[in-house]
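Here's a quick tour for anyone meeting this structure for the first time. Have a look at the model, then read on.

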Amino acid sequence: MDPLKDQTYFLANLSAKQLRRSMFPVGSLLKSQVRALANSERLGEVADKPESMGICFIGKRKNFESFLDQYIEPAPGLIVSKEDGEVLGDHSGIHHFTIGKRVKIAPERFQSADGLFVCSLDAATNTVFVCRGSSNPLLFARTFEIEKVKWISGNEPHGQINFRCQRTHPTLQCEVQPLTSDRMLVKPRNPVRAAAPGQNCVFYDGLTCLGNGEITRVVSTL
């Protein structure tokens, strides 16, 4: 399996029944091997096709924020320091922000070599909360809750397992604690940066994908 093209982060939503009827004809090959096969079959247009780095269903976009603005109405709000409550600026909508993203503030309002980073969002008040520094403890989750939990085999694993909540990130060790039939508390062995509500949390045992759940809230940070 090509680790750079691993799709288990998305396939975790499928059931065992669906996966039994699925086929992945190039799943055991590296992308370089697929290109070599295409060349050997004189499929140069395929072999030399550039990598797709964007979001496939919207095409090439230099400004993703402007794309979102075509579908989401502006909802102005404030940018507030989580550490001292100071209002540092305003914005046109929280849909422009993600947890861990660096935020630019007018120099006359804030100056720091460490920069400001989004640590939480309040959709009810359209408030973006920020903290100072990319390694600020407020950015690192010690525990978080997930819901809509689904195990592909139908059996809940026990003990320590691995997880990731972003596709390109390495897997990390964690423990899971059931809260209800479809809600769990996830306790990473080491705090994880920029875990956010809405993210897909996918679980693994080695290379085997076990299942997933959706992050609903960060319970505690460093």
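## The annotated domain

A word on UniProt annotations before we start: positions are given in the numbering used here, feature names are shortened, and an annotation may be inferred rather than shown by experiment. Keep in mind, too, that this is a predicted model.

With that said, an unreviewed UniProt entry lists residues 142-215 as "domain: tRNA-specific 2-thiouridylase MnmA-like C-terminal". Over that stretch the chain is 58% strand and 0% helix, and the C-alpha atoms at its ends sit 13 Å apart.

The largest nonpolar core has 18 residues, and Phe144, Ile146, Phe163 and Phe203 have the most contacts inside it. At least two residues of this core come from each of strand 6 (140-151), strand 7 (161-164), strand 8 (172-178), strand 9 (183-188), strand 11 (200-205) and strand 12 (208-221). Strand 6 gives the largest share, with five residues.

Take Ile146 as an example: setting aside neighbours within four places in sequence, its contacts include Met184, Val186, Cys201, Phe203 and Ile215. Apart from this core lies another one, of 14 residues, with Ile79, Ile94, Leu116 and Ala194 among them.

Phenylalanine 117 stands opposite cysteine 131 of strand 5.

Definitions and conventions: Residues are numbered from 1 along each chain as its sequence is written. This is a predicted model: local features need pLDDT of at least 70, side-chain atom pairs count only at pLDDT 80 or more; totals for chains, interfaces and linings use all residues. Side-chain values use heavy atoms; hydrogens and water are left out. Helices (H or I, at least four residues) and strands (E, at least two) are DSSP runs, numbered from the N terminus. A nonpolar core is a set of buried Ala, Val, Leu, Ile, Met, Phe, Trp, Tyr and Cys residues joined through side-chain atoms within 4.5 Å. Buried means under 20% relative accessible area, exposed over 50%, partly exposed in between (1.4 Å probe, protein chains only). Contact means heavy atoms within 4.5 Å. Two strands pair if DSSP finds at least two bridges between them.
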